[in-house]
Amino acid sequence: MAIINTQLQDNIGTITFNNPEHRNILSSELVSEMLQAIGALQKGKMRVLIIRALKGSKVWSAGHDVHELPMPGRDPLSYNDPLVTILRSIQSLPIPVIAMIEGSVWGGACDLALSCDIQIGCQSSAFCMTPAKIGVPYNVSGILHFMNIMGVNVAKEMFFTAEPLSAERAYHCGLLNHLVDVEQLEEFTYTLASKITRNSPLSIGVIKEQIRLLASAHPMSPVTFERVQGLRRTVYDSKDYAEGIQAFLEKRTPVFSGE
Ligand code: LCV
């Protein structure tokens with residue numbers, strides 16, 4: 001059974017997560033299917049892409065497949081990691097991508113939702129950033145992404161507490177463009193997408209790329225970059241990182257030693 005469903009109608013593409021049994025985790029298999037679907041939809045004159053879960057989902061996506069996180073000694077969010085790959089693909093896609101969010105959003109799935117250009121949620125759209133809960137050193141582009149969208153203070157709170165941000169708080173902090181009643185979510189999303197399809201795709205594509213380039217224009221000296229990589233390595237080499245993954249797999253609360 002396909003773990004995503006794909007549809008193209010009136011220049012609006014839709015990718016629907018279809019792995020509710022495993023809470024739509026962003027496994028390498030799901031990411032590979034998404035990348036293939038995006039390529040195929042682009043051939044069909046898609047002007048807007050909507051990414052969503054099945055109607056009635058309690059979880060939009062549970063984030064990175066923890067079973068696929070490397071054991072200590074390897075960067076868990078390197079440039080070629082499947083999750084990081086799909087984030088880049090969405091950010092550089094020359095058409096608007098709308099995250100239609102019903103259900104809770106966890107870890108890397110928050111980054112996926114925020115990598116989309118517009119986020120439309122409902123009462124169940126909670127967002128939880130989990131690196132600190134698993135002992136993962138999040139990556140530089142991901143952290144910059146959160147800082148740009150919600151500001152430094154809320155980003156720190158999300159990363160430090162690893163507690164869910166409610167839909168109302170997410171809307172108030174700028175994580176959601178729109179917060180609508182779940183019964184109106186689908187119609188509201190597709191109506192907005194339809195408006196976009198009537199505008200110039202060339203102008204929209206260039207404006208999206210200009211914003212991406214400006215938002216990521218943060219000069220970092222080689223020494224600073226090497227310092228960041230060194231700091232991140234102390235985390236993914238740590239006992240805490242191993243404990244975080246082991247605790248998840250054993251379905252127990254992790255006990256972090258700070259080593
Ligand atoms: C693998 C899973 C997962 C999962 N991986 O259902 O951002 S970072 O740096 O942290 C990054 C590395 C990242 O994204 O890490 C993953 C962050 N995600 C999370 O911490 C969410 C972990 N999942 C949960 O807290 C619960 O599953 C939620 C609250 C999402 C749903 O709870 P619920 O009780 O409805 P279960 O926990 O029973 O999960 C159903 C099945 O999905 C698997 C889980 O192991 C279970 O499979 P089994 O029945 O085979 O045990 N699953 C859920 N999340 N991230 N597998």
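In what order do the strands of the open sheet of 6 strands lie? The order is S1-S2-S3-S5-S7-S9, with mixed pairing. This is a predicted model, in which local features need pLDDT of at least 70 and side-chain atom pairs count only at pLDDT 80 or more, while totals for chains, interfaces and linings use all residues. Residues are numbered from 1 along each chain as its sequence is written, and side-chain values use heavy atoms, with hydrogens and water left out.

**View 1. The open sheet of 6 strands.** Strands are DSSP runs (E, at least two residues), numbered from the N terminus, and two of them pair if DSSP finds at least two bridges between them. The sheet has mixed pairing. Strands S1 (4-9) and S9 (178-179) stand at its edges; each has a single partner strand, so one side of each is left without a neighbour in the sheet.

**View 2. The hairpin of S1 and S2.** S1 pairs with strand S2 (residues 12-17) in the antiparallel sense over 6 bridges. Thr6 has Ile15 of S2 as its bridge partner. Between the strands of the hairpin there are 2 residues, and Asp10 takes a positive phi near 55°.

**View 3. The open sheet of 3 strands.** Here the order is S4-S6-S8 and the pairing is parallel. The edges are strand S4 (59-61) and strand S8 (127-128), each with a single partner strand, so one side of each lacks a neighbour in the sheet. Strand S6 (residues 104-106) pairs with S8 over 2 bridges; the bridge partner of Trp106 in S8 is Cys128.

**View 4. The shell around the ligand.** Of the 22 residues around the ligand (a heavy atom within 4 Å), those that come nearest are Ala62, His64, Gly108, Thr130 and Lys251.

Key. Ala, Val, Leu, Ile, Met, Phe, Trp, Tyr, Cys and Pro count as nonpolar, Asp, Glu, Lys and Arg as charged, and the others, Gly among them, as polar. Helices (H or I, at least four residues) and strands (E, at least two) are DSSP runs, numbered from the N terminus.
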